[in-house]
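Hello,

Here is the structure I promised to hand over. Please open it first, then read my notes below.

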Amino acid sequence: MKKLLFLVLFISININSQTNYPKNYFSNPLNIELILNGNFGESRPSHFHSGIDFKTQFKEGLDVFSSADGYVSRISIKHGGFGKALYINHPNGYTSVYGHLKKFNKKIEDYIKRLQYNKKTYQIEHYLKKDVLKINKNEKIANSGNTGSSFGPHLHYEIRLTKNQKALNPQLFGLDIKDTRNPTISSVFLYNLDSLDNISDPIKLKIKKINDSLYQSEKVFTNGKVGFGISGFDRQDLANNKNGIYKYSTYYNNNKIIDFNFESFYFEESIKIKTLIDYKYYIKNKSRIIKLFKDKGNDLSIYLNNKSGYIDVENNSSIYKIIVSDLKGNKSIVKIPIIQNDLINDSLKKIKLFSSNKYINNKLDYNFKFENAEINIAKNTFLKDIQLNIESFKDSIKIINSEIAVFKNIKINFLNKNKRKGNYLALKDKDGNESFASANLNSKNYFYHKTKSLGTYFVKNDSIPPSIKLNNFKNNDWISNKNFIRINIMDKETDIKNYKVKINGKWTLFEYEYKRNELFYEFDSYFLNQTENLIEVFIEDLAGNKTQKNFTFFKN
Ligand SMILES: [Zn+2]
């Protein structure tokens, strides 16, 4: 009996308490007070935010320090993503990550530059062994910046479990972020389910703020199986920007229903953000409702119990309660009184089903062949069986269902009929926006493309080559007093795919900052000055149009 009791206790502790993360191990990576620009687990278009974003006083160049002793395990430099990023492995099994950096410290900068010149590439993904670049706690490792997919200077900071790269909420490691404010609830929604488990569109409930932590909803008259959704945000003390809410718990007549938080997640499951939010509503309204119930096939690891989150309305009147909280335990509560009303039947619940011509069994592979196109849908591309509309026209192929999210790439092959130079495969979305999809041709003259985006695919032509213009001096100028070269490159229709710059015949490390349409070079020790210097700039757009320009500058 004692043994059994112990077992029961042990299991319940395991489910209900979070892991004990070291609280004093990692120090502030900036030497300013930490203010959040974004927090862990926040919803981004196709992933959860894997770290926290610290404000950097609206500027670039702040010193960034290693949070603990360790060694540089990875250096990643990309035009998009985290831009210039540094990964440091620590002896306690965690990795800290620093993203959107402007520049690394001299030791790291020298190391990576040698590699970039060897490989003749700016973008680099490099993994390092233990003894190559050792780092001490609070050693300056970089300057903060705005590189990559960052739209304003900030530091992206992560803590991961080294062994499996699981992303952990850095705020669980004791970093001090002042927060005494309760999360704000913007809206609450009701979803009805019919007898076949089809889900209705969200029905917005009127809510009233009673006090700083309590909201009261209007009465809900319904019956059968229902679920709820919520939208809201959390603010910390030192800034007014809206960040994500940490924890969501719901209760029905005081029984816990669904319970989840953003303590950690695996990168592989990040795409499943599309099942946590009401995806159909998001596509239509560009705003997110967090669903307080699980879709079929939702196996996200953020849930703290195994419940589906749906309730079966019982008794004449009952209470559904939503509690949202932040990491400091500040809470907001919504109370929703539910009155059972048996007069509401399936037909009144207004569940509209998408009309389509294809039924996709999610356990099967599909290969659709048309005169000018081929579509491959592998099993488990969706979370469950779905309806899809696939139609082939003379010059396009339409694959639509604006209500469903795609979790695995769909393969599309489309005939490049007139073979014109500058042809590419384009996507037109449901709002009529056209974008570049692919310019890759296979041996049978078909464009091939892998995508999670549905819409209408067709062949488009871009005949205008990209442009090149000197930015901070003119051709044949003396620039002895300048430390850097800026060149504007731009493409009207698609985007820049490749660039290469040579100075005096030698490949030179120019950084491409796509947000400024700029190639940037800071004179370094690899530059061999010969008074009269020749710059050769080559660029190519995504459709294969090329431009080359030569310039001369003088320097002593
Ligand atoms: Zn970030």
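Is Asn372 buried, partly exposed or exposed, and why? Asn372 counts as partly exposed because 18 C-beta neighbours lie inside 10 Å. The cut-offs are these: a residue is buried with 20 or more other C-beta atoms within 10 Å of its own, exposed with 12 or fewer, and partly exposed in between, with C-beta atoms placed from the backbone.

Before the rest, two notes on the source. This is a predicted model, where local features need pLDDT of at least 70, side-chain atom pairs count only at pLDDT 80 or more, and totals for chains, interfaces and linings use all residues. Residues are numbered from 1 along each chain as its sequence is written.

**The chain as a whole**

The chain has 4 helices and 45 strands. Both are DSSP runs numbered from the N terminus: helices are H or I with at least four residues, strands are E with at least two. The C-alpha trace spans about 90 × 65 × 45 Å along its principal axes. Of the 556 residues, 34% are buried. Now take contacts, meaning pairs whose C-beta atoms, placed from the backbone, lie within 7 Å. Among contacts between residues at least 6 apart in sequence, 70% join residues at least 24 apart.

**Two loop residues**

Back to Asn372. Asn372 sits in the loop between β29 (366-369) and β30 (373-377). Leaving aside neighbours within four places in sequence, Asn372 contacts Phe414, Leu415 and Lys417. Asn413 is 41 residues from Asn372 in sequence, but 8.3 Å away in space, C-alpha to C-alpha.

Pro22 is in the loop between α1 (2-16) and β1 (36-38). Pro22 is partly exposed, because 14 other C-beta atoms lie within 10 Å. Not counting residues up to four places away in sequence, Pro22 touches Asn92 and Phe173. Pro22 and Asp69 are 47 residues apart in sequence and 14 Å apart in space, C-alpha to C-alpha.

**Domains**

The domain assignment, automatic or from a database, gives domain 1 (36-173), domain 2 (184-349), domain 3 (358-461) and domain 4 (467-554). The centres of domain 2 and domain 3, taken over C-alpha atoms, are 34 Å apart. Where do they meet?

Best wishes

Methods. Two residues are in contact if their C-beta atoms, placed from the backbone, lie within 7 Å.
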